[in-house]
Amino acid sequence: MVITGMSGTPQMVVKLLYGSGLRLMEALRLRMQDIDFAMRQLTVRDGKGAKDRYTVLAEGVIVPLKEHLERVRPIHQRDLAAGNGEVYLPGALDRKYPSAAREWRWQYVFPAQGLSRDPRSGAIRRHHLDETTINKAIKVAATRTGIVKRVSSHTFRHSFATHALKGGADISTIQELLGHNDVSTTMIYTHVLRIGGSGMKSPLDSL
């Protein structure tokens, strides 16, 4: 399995893609306040179609995710001590709440390794991890495990949907968790249940 062939932050990101049905950029743009461990829930803000939604937080990622956040927090504390610690805020929040950009709850769950200059404002900030880092890690893991088929970050979102359907989840629930506007988009995942093209068991197999 590709996930077991990964480690560190890339593995943590991919676990969220598969465990919560996230798109890659939705995972990388998660903020600290978007995680609700008590409710086992993630908030996806400004997803595709500029809509917010909630999705499930897998039980199996809670402990490693908490450990990840404990490793990340000192980075933010060092940034603050150096006079930085600011992140990009959506909309006009930075003008409405000038100090919010330095608050822990607004920090990215998966911060970049270094600081960079925001081309929009010129401010020095710590952005989220670059998507190429995750894509490269997925490619390496897939090659290492001997998988021939193409594997991308979106493969794990597809797997979330198909495995949830196989597990008995109804199509409307999957639609809501994935953030699809139209159920017809979600219906494409039902093909995995149609063994033999129709989902019908052959009469020969009943003899």
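Modeller: Start with one contact. Pro10, Val13 and Val14 of helix 1 meet Ile134, Ala137 and Ile138 of helix 5. This is a predicted model, where local features need pLDDT of at least 70, side-chain atom pairs count only at pLDDT 80 or more, and totals for chains, interfaces and linings use all residues. Residues are numbered from 1 along each chain as its sequence is written, and side-chain values use heavy atoms, with hydrogens and water left out.

Biologist: What makes a contact, and what makes a helix?

Modeller: Contact means heavy atoms within 4.5 Å. Helices (H or I, at least four residues) and strands (E, at least two) are DSSP runs, numbered from the N terminus.

Biologist: Why are helix 1 and helix 5 called roughly perpendicular?

Modeller: Their angle is about 90°, with axes 9 Å apart. Angles of 65 to 115 degrees count as roughly perpendicular, under 35 as roughly parallel, over 145 as roughly antiparallel and the rest as oblique. Helix 1 and helix 5 are therefore roughly perpendicular. Axes are lines fitted to C-alpha atoms, for helices over the stretch in contact, and angles run from 0 to 180 degrees between N-to-C directions.

Biologist: What makes helix 1 oblique to helix 3?

Modeller: Helix 1 and helix 3 pack at about 135°, with axes 11 Å apart. That makes helix 1 oblique to helix 3. Thr9, Met12, Lys15 and Leu16 in helix 1 meet Val61, Pro64, Leu65 and His68 in helix 3. By class, five of these residues are nonpolar, two polar and one charged.

Biologist: Which term describes helix 6 and helix 7, and why?

Modeller: Helix 6 (residues 153-166) and helix 7 (residues 171-178) pack at about 160°, with axes 10 Å apart. They are therefore roughly antiparallel. Helix 6 brings Arg157, Phe160, Ala161, Ala164 and Leu165, and helix 7 brings Ile171, Ile174, Leu177 and Leu178. Eight of the contact residues are nonpolar, none polar and one charged.

Biologist: How do you know that a space is a pocket or a cavity?

Modeller: On a 1 Å grid over the protein atoms alone, a cavity is a set of points where a 1.4 Å probe fits but cannot get out. A pocket is an open set with protein on both sides within 12 Å along at least five of seven lines. Lining residues have an atom within 4 Å of a point.

Biologist: What lines the second largest pocket?

Modeller: Of its 16 lining residues, Thr9, His68, Pro111, Gln113 and Leu129 are closest to the centre. Helix 3 gives the most, with five residues.

Biologist: Which residues lie nearest the centre of the largest pocket?

Modeller: Arg29, Arg31, Arg45, Asp46 and Pro90, out of 21 lining residues. That lining divides into seven nonpolar, four polar and ten charged.

Biologist: How many cavities of 30 Å³ or more does a search find?

Modeller: One, in the whole structure. Its lining includes Val72, Trp104, Tyr108 and Arg126. Six lining residues are nonpolar, two polar and two charged.

Note on methods:
Nonpolar A, V, L, I, M, F, W, Y, C, P; charged D, E, K, R; others polar. Points joined across faces, edges and corners; volume = space filled by probe spheres on them.
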